[in-house]
Protein chains: 2
Amino acid sequence: MNRIITVGREFGSGGREFARCLAETLGYAYYDREIISEIAKRTSLSEKYIQNVAEHKPVIPFPIHTGRTFWAVLPDYNQDVQREQHGIIRELAGKSDCVIVGRGADYILRDEKPYRIFVYSDAESKLKRCRENSSSYYGEEREFTDRELSARIEQINASRSGYYEFYTGQKWGEKSNYDLCINTSFCNDLRKIAKAAAIML
Amino acid sequence: MNRIITVGREFGSGGREFARCLAETLGYAYYDREIISEIAKRTSLSEKYIQNVAEHKPVIPFPIHTGRTFWAVLPDYNQDVQREQHGIIRELAGKSDCVIVGRGADYILRDEKPYRIFVYSDAESKLKRCRENSSSYYGEEREFTDRELSARIEQINASRSGYYEFYTGQKWGEKSNYDLCINTSFCNDLRKIAKAAAIML
């Protein structure tokens with residue numbers, strides 16, 4: 001059976017960079033935005049649209065109440081994207097040893113017993129990291145103020161949390177759902193942390 | 001400044017063994033029950049009594065309500081033990097690089113910025129580990145049933161949680177209060193985990 005590592009991460013914690021370093025250290029395949037590109041190839045939808053749908057819990061446009069029962073009718077595209085995403089994640093996990101970032105992969109692949117890592121950091125550290133990488137995150141002409149950037153970070157993390165909880169029924173970042181939780185607040189050397197995590201497996 | 005590592009741990013998770021391996025790997029001093037012995041030396045109290053007082057939140061015998069204000073009068077011995085424990089933990093941290101197990105040391109030494117580790121595991125794994133080590137934990141003539149042992153584990157962890165929250169005002173095991181949280185459910189090789197954690201520092 002292939003060795004699968006899933007990495008959940010707070011936005012701004014450096015989790016993506018950590019995951020890439022971990023995959024490099026181990027010589028494993030690395031999947032993150034590649035999953036979005038693959039969905040785009042298999043559907044007629046744009047990557048931008050898929051990115052949006054695949055990382056947010058759905059806004060339910062047609063809630064139907066029948067007596068005390070609540071039925072949610074999700075938009076077709078949303079269901080398509082989720083179905084493709086689940087299929088692709090399973091397919092990739094079946095191909096070779098790999099590191100998969102986000103997308104509830106820890107839950108989708110729970111029967112394969114992946115090694116589940118969660119990367120987080122404190123608010124100040126997230127702000128600092130985003131400030132250093134803001135161009136790649138936003139590409140905005142005007143720089144965000146600290147307050148605006150902090151609000152944006154919180155918003156993205158609330159969205160990730162909502163998505164995860166909607167599709168898994170589990171609490172995002174709750175340590176009992178992970179094998180290793182790493183706080184990157186006091187360490188910028190993500191390569192060193194990745195090397196250490198590689199030994200833990 | 002000395003390098004200080006604190007290890008909080010759920011009872012049954014192997015946290016104490018992990019901490020000892022970590023101290024050995026790093027060549028750091030290791031403090032756990034040694035703190036109790038030191039308090040006993042400095043007071044006229046027995047180690048058994050100190051162990052009990054130093055690991056449980058106090059039972060408050062004289063709660064006083066004045067209007068809407070609540071005053072807690074703690075027994076003198078309890079205050080003595082806590083004072084000695086705080087003093088000894090600070091003293092030990094000032095002596096040399098060290099690993100300190102439990103006793104809210106992460107909070108007591110917060111100004112020294114220790115590297116804070118929390119070790120946990122799922123209920124099944126805790127039961128298995130305690131079953132394998134039951135003689136050293138209990139020394140009972142009759143073996144506990146799984147149900148009895150699970151209840152005992154839960155009780156001890158509830159007590160640790162209560163103690164920590166009473167004296168620190170923080171939630172025990174809440175990942176934002178730690179730099180690294182390690183789930184030992186799927187790994188019995190605590191020496192390997194300790195070696196990896198040593199690299200993270």
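Two strands count as paired if DSSP finds at least two bridges between them. The model used here is predicted.

**Exercise 1. Determine the strand order of the sheet and find its edges.**

Step 1. Trace the strands from one side to the other. The order is E2(A)-E5(A)-E1(A)-E6(A)-E7(A)-E7(B)-E6(B)-E1(B)-E5(B)-E2(B). This is an open sheet of ten strands, and its pairing is mixed.

Step 2. Look for strands with a single partner. These are strand E2 (29-31) of chain A and strand E2 (29-31) of chain B, so each of them has one side without a neighbour in the sheet.

Step 3. E2(B) and strand E5 (residues 98-101) of chain B run parallel and are joined by three bridges. Within E5(B), the residue opposite B:Ala29 is B:Cys98.

**Exercise 2. Find where the sheet passes from chain A to chain B, and describe the chain A side of the contact.**

Step 1. E7(A) and strand E7 (residues 180-183) of chain B run antiparallel, with three bridges between them. Here A:Ile182 lies opposite B:Leu180 of E7(B).

Step 2. Count the residues in the contact. Chain A contributes 17 residues and chain B contributes 17 residues.

Step 3. Strand E7 (180-183) and helix H9 (190-200) of chain A each give two or more residues to the side that touches chain B. H9(A) provides the largest share, seven residues.

Step 4. Sort this side by class. Eleven of its residues are nonpolar, one is polar and five are charged.

**Exercise 3. State how the two chains are related.**

Step 1. Superpose the chains. Chain A is brought onto chain B by a rotation of 180° with 0.0 Å of shift along the axis, at an RMSD of 0.0 Å.

Step 2. Check the contact surface. Both copies use the same surface, since 94% of the contact residues of chain A recur in chain B.

**Exercise 4. Classify the packing of H1(A) against H9(A).**

Step 1. Take the geometry. The axes of helix H1 (residues 15-26) of chain A and H9(A) come within 8 Å and cross at roughly 55°.

Step 2. Classify the angle. H1(A) and H9(A) are therefore oblique to each other, and their crossing is right-handed.

Step 3. List the residues that meet. From H1(A) they are A:Glu17, A:Phe18, A:Cys21, A:Leu22, A:Thr25 and A:Leu26. From H9(A) they are A:Leu190, A:Arg191, A:Ile193, A:Ala194, A:Lys195, A:Ala197 and A:Ala198.

Step 4. Sort them by class. The contact of H1(A) with H9(A) has nine nonpolar residues, one polar residue and three charged residues.

**Exercise 5. Describe the packing of H2 against H3, for chain B and then for chain A.**

Step 1. Begin with chain B. Helix H2 (residues 33-42) and helix H3 (residues 47-54) of chain B pack at an angle of about 120°, with their axes 9 Å apart. That makes H2(B) oblique to H3(B). The crossing of H2(B) and H3(B) is right-handed.

Step 2. Identify the chain B contact. H2(B) supplies B:Ile36, B:Ser37, B:Ile39 and B:Ala40, while H3(B) supplies B:Glu47, B:Ile50, B:Gln51 and B:Ala54. By class, five of these residues are nonpolar, two polar and one charged.

Step 3. Turn to chain A. The axes of helix H2 (residues 34-42) and helix H3 (residues 47-54) of chain A come within 9 Å and cross at roughly 120°. H2(A) and H3(A) are therefore oblique to each other, with a right-handed crossing.

Step 4. Identify the chain A contact. A:Ile36, A:Ser37, A:Ile39 and A:Ala40 of H2(A) meet A:Glu47, A:Ile50, A:Gln51 and A:Ala54 of H3(A). The contact of H2(A) with H3(A) comprises five nonpolar, two polar and one charged.

Key. Residues are numbered from 1 along each chain as its sequence is written. Chains are lettered from A and ligands numbered from 1 in the order in which they are written. This is a predicted model: local features need pLDDT of at least 70, side-chain atom pairs count only at pLDDT 80 or more; totals for chains, interfaces and linings use all residues. Helices (H or I, at least four residues) and strands (E, at least two) are DSSP runs, numbered from the N terminus. Two residues are in contact if their C-beta atoms, placed from the backbone, lie within 7 Å. Ala, Val, Leu, Ile, Met, Phe, Trp, Tyr, Cys and Pro count as nonpolar, Asp, Glu, Lys and Arg as charged, and the others, Gly among them, as polar. Axes are lines fitted to C-alpha atoms, for helices over the stretch in contact, and angles run from 0 to 180 degrees between N-to-C directions. Angles under 35 degrees count as roughly parallel, over 145 as roughly antiparallel, 65 to 115 as roughly perpendicular and the rest as oblique. A crossing is left-handed if the near helix is turned anticlockwise from the far one by less than a right angle, and right-handed if clockwise. Copies are superposed by least squares on the C-alpha atoms of residues with pLDDT of at least 70 in both.
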